[in-house]
Amino acid sequence: MSSNAEKGFPISHVVGFLISLILTFAAAWIALKTTLSIKVIMWIIGSLAVFQAGLQLVMFMHMTEGEDGKVNIINITYGAFMAAVIVLGSIWVLTSGHAAH
Amino acid sequence: MNIKWDEFFVTGDPLILGAQISIVLTMVGIIALLTYLKRWTWLWREWLTTVDHKRIGIMYILSGVVMFFRGGIDGLMMKAQTAVPENEFLNAQHYNEVFTTHGVIMILFMAMPLLIGIMNVIIPLQIGARDVAFPQLNALSFWLFFSGAMLFNISFVIGGSPDAGWTSYFPMAGKEFSPSIGNNYYAIAIQIAGIGTLISGINFIVTILKMRTKGMTLMKMPMFSWTTLITSIIIVAAFPIFTVALALMTFDRLFGAHFFTVSGGGMDMLWANLFWLWGHPEVYIVVLPAFGIFSEIVSTFSRKRLFGYTSMVIAVAGIAFLSMLVWVHHFYTMGSGPAVNSVFSLTTMLIAVPTGIKMFNWLFTMRKGRINFSTPMLWTLAFIPCFLIGGTTGVMLAMAAADFQYHNTLFLVAHFHYTLIPGVVFAVFAALYYWWPKMFGHKLNEKIGKWHFWLFVIGFNFTFFPMFFLGLDGAVRRSFTYSAESGYGPLFLLSAIGSAVLAIGFAMFVYNIYWSIRHADRNISSDPWDARTLEWATASPVQDYNFAKLPEVKTLDAFWHMKKDNEGLTIEDKEIKDIHMPNNSGIPFFMGVVFTVAGFFLVFEWYIPAAIASLGIFAGLIIRSFDYNDGHHIHAEDVRKVERKWRNRKGEVHKHVG
């Protein structure tokens with residue numbers, strides 16, 4: 001795991017850092033400099049945040065590396081799936097139809 | 001603290017008075033018997049403090065059978081009450097309590113412990129391990145389950161039972177409509193048992209992933225180990241949801257919060273939503289291990305390898321995935337609108353696909369096999385058509401539009417009994433007949449077993465098949481009586497007679513245990529069924545350390561190939577080394593006791609005693625943290641003695657037997 005990072009130029013870290021910067025500034029620019037509605041802005045910067053979190057897990061947190069790499073990916077996917085089912089599922093079910101009115 | 005001592009014991013009903021007297025007499029009897037036989041130290045040393053997965057499993061199974069009796073009596077009382085129109089055997093309140101405890105006990109305190117007990121006994125053996133990954137935690141799981149079960153069971157003599165259904169829907173289950181402490185038992189007892197189950201789930205995931213013997217890759221694992229792994233994953237996924245829901249319920253009922261009260265800004269249907277987010281996976285938690293059990297048995301008794309092993313694994317994983325996505329089909333009538341209901345209709349119907357794959361695989365396993373019609377196989381054969389009826393009616397219920405007709409009728413009740421009884425109870429009976437020699441060194445009697453089988457299966461069909469028609473005619477569930485003009489009388493009577501036959505079947509099972517303990521032949525080999533998996537590669541009953549030398553696996557059905565190729569069946573003296581085993585511990589039992597006491601005070605809303613008792617829980621945690629005791633060694637010489645004793649018996653498995 002360490003051997004890869006110490007040899008030569010840490011290209012993946014630099015790329016990850018640059019993409020992170022771009023995503024952060026994009027979010028700031030969309031929030032401060034555009035005239036989109038609040039709802040659209042929230043959706044866009046929320047998506048960018050999730051995307052950047054995933055990027056950082058892979059690029060800087062070494063999620064996919066080492067002997068537990070596969071296990072980490074399975075665990076994170078499983079966690080994300082459960083969270084989506086429970087939170088989004090509940091919101092969807094309880095706010096649809098005449099159940100909510 | 002507002003203690004109402006006059007309401008402490010439930011009074012005024014001759015049935016309950018009888019139960020109170022019989023409970024006191026039973027307890028006095030047990031204490032007297034233990035003292036007379038001088039078995040107190042034996043009980044403490046061999047059972048209460050044990051961390052051996054086989055003994056813990058047997059305690060689970062014993063509790064499960066006792067709870068089956070309790071839940072069964074509830075069922076019979078309901079059947080007696082509805083046998084004739086306008087019966088006055090039970091009043092409405094008593095009937096409500098009976099159907100509530102019947103549901104909770106049968107699912108959580110009968111099905112769960114019986115299956116977890118069987119997993120405990122079999123899984124480490126089947127994967128060639130010496131124990132589960134965390135033996136002491138395993139004991140804690142058992143004692144927390146037992147604590148929850150006992151707390152729930154005393155409710156009908158002390159304080160009153162929960163009466164809002166096993167689903168305990170709000171607002172009915174809230175303080176406003178159910179002011180008595182009965183429903184506090186629901187929130188607290190199930191919470192305690194649920195912690196135990198969650199710990200079990202984690203324990204089995206780690207055990208199966210990390211402790212398989214050399215050569216046993218995941219795809220060479222027996223099917224029961226596979227279904228246990230997947231079941232454990234669903235437990236870990238689903239039980240925390242229930243833990244949270246029950247905690248919210250506790251806050252609502254005990255501390256006046258309003259998570260589920262509409263007038264207080266809460267949402268009553270949020271309870272139903274959270275309950276079924278756990279509740280639907282829960283039915284797969286109980287049915288998947290059963291699928292594994294049937295797979296083992298169908299393969300052993302057809303003398304063929306399981307047909308479509310890989311597709312079985314994929315089907316189980318598929319069922320597990322879909323099980324998280326169908327919960328709304330329990331409350332279509334809430335009215336979430338066409339989009340929600342259609343999606344959940346589709347996901348529900350999709351479950352029939354992997355289940356169908358499994359059905360066909362079992363049938364194809366039997367095809368051209370030399371089928372041996374022993375009792376375990378009979379249960380498996382009966383399971384297939386009975387479960388098929390349950391599954392087909394399930395697809396009918398899955399259609400949201402049609403469900404508006406079936407909802408809350410006896411049609412639904414018949415459906416889920418047709419899935420849970422063949423899917424869980426038949427499986428548990430099959431498993432007990434199949435693995436009984438592994439646990440106790442003797443078989444259960446085949447002849448009494450066949451009486452048990454036929455009475456139970458016929459009784460089951462007569463009890464629940466009429467309910468489909470009652471439901472289609474509009475008879476609602478959870479109604480304590482009906483009028484003579486409704487015309488329901490004859491079918492209800494038929495159903496009640498069926499339940500009596502069912503009960504006689506269960507009595508035959510208990511009699512079979514008694515008969516076999518006293519009279520069954522002890523001189524059977526360690527492999528009486530000519531089986532295929534590793535649990536049969538060691539002595540019966542199994543010695544403490546399971547395997548003197550851990551077996552090595554090359555193929556699926558490892559033991560079968562060991563017998564066929566005459567490999568690894570014998571052991572040389574020099575191969576036997578010292579074996580490291582965990583020590584017994586009193587902490588799990590202690591934790592069970594303090595959880596029960598603290599839970600009991602909490603049920604009665606006596607907060608100061610509850611707080612004091614829960615200090616015991618923290619004490620247990622702290623003592624465990626500073627417990628540096630890391631087990632003992634069984635010396636090679638002692639292992640040799642044990643091994644020689646069982647291996648040199650006549651008729652033991654030394655080479656290929658089939």
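Modeller: Start with buried area: the accessible area, taken with a 1.4 Å probe, that two parts lose on being put together, summed over both. This is a predicted model, in which local features need pLDDT of at least 70 and side-chain atom pairs count only at pLDDT 80 or more, while totals for chains, interfaces and linings use all residues; side-chain values use heavy atoms, leaving out hydrogens and water. Residues are numbered from 1 along each chain as its sequence is written, with chains lettered from A and ligands numbered from 1 in the order in which they are written.

Colleague: How much area do chain B and chain A bury between them?

Modeller: The size of an interface is often given as the accessible area lost when the parts come together. Here chain B and chain A bury about 1,400 Å². Carbon and sulfur atoms account for 81% of that area.

Colleague: Which helices of chain B supply at least two residues each to the side that touches chain A?

Modeller: Helices here are DSSP runs (H or I, at least four residues), as are strands (E, at least two), numbered from the N terminus. In chain B, α7 (223-255), α8 (268-302) and α10 (338-350) each supply at least two residues of the side that touches chain A. Next, sort that side by class. Ala, Val, Leu, Ile, Met, Phe, Trp, Tyr, Cys and Pro count as nonpolar; Asp, Glu, Lys and Arg as charged; the others, Gly among them, as polar. The side of chain B that touches chain A has 19 nonpolar, four polar and no charged residues.

Colleague: How many residues of each chain are in contact?

Modeller: Contact means heavy atoms within 4.5 Å. By that rule, 23 residues of chain B are in contact with 14 residues of chain A.

Colleague: How many salt bridges are there between chain B and chain A, and how many residue pairs in polar contact?

Modeller: Side chains of opposite charge can pair when their charged atoms come close. A salt bridge needs a side-chain nitrogen of Lys or Arg within 4 Å of a carboxyl oxygen of Asp or Glu. Between chain B and chain A the count is zero. A polar contact is a pair of N or O atoms within 3.5 Å; within protein, one must be able to donate a hydrogen and the other to accept it, and residues adjacent in sequence count only if both atoms are side-chain atoms. Four residue pairs between chain B and chain A are in polar contact, both residues at pLDDT 80 or more.

Colleague: What else is in the loop between α16 and α17 of chain B?

Modeller: B:D530 lies there. B:D530 is not a glycine, yet has a positive phi of about 55°. B:P541 is also in the loop between α16 (489-519) and α17 (558-565). A cis peptide bond joins B:S540 to B:P541, with omega about -10°. Another cis bond runs from B:F170 to B:P171, with omega near 0°. B:P171 sits in the loop between α5 (135-154) and α6 (182-210) of chain B.

Colleague: How is chain B divided into domains?

Modeller: Domain bounds come from an automatic or database domain assignment. For chain B, the assignment gives domain 1 (7-38) and domain 2 (39-585 + 629-647). Their centres, taken over C-alpha atoms, are 29 Å apart. In chain B, 15 residues of domain 1 are in contact with 13 residues of domain 2. The two domains of chain B bury about 1,200 Å² between them, 72% of it from carbon and sulfur atoms. The side of domain 1 of chain B that touches domain 2 has 10 nonpolar, two polar and three charged residues. Zero salt bridges are counted between these domains of chain B, with four residue pairs in polar contact.

Colleague: What are the domains of chain A?

Modeller: Domain 1 (1-65) and domain 2 (67-101). Four residues from domain 1 of chain A and six from domain 2 of chain A make the contact. The area buried between the domains of chain A is about 350 Å². On the domain 1 side of chain A, A:M63, A:T64 and A:E65 lose the most area to domain 2, together 87% of what that side buries.

Colleague: How many aromatic pairs does the structure hold?

Modeller: Rings of Phe, Tyr and Trp (its six-membered ring) pair if their centres lie within 6.5 Å; planes under 30 degrees apart count as stacked, over 60 as edge-to-face and the rest as tilted. The structure holds 72 such pairs over all chains. Among them, B:W271 and B:F275 are tilted, 5.9 Å centre to centre with 35° between the planes. B:W271 and B:F275 are four residues apart in helix α8 of chain B, so about one helical turn separates them.
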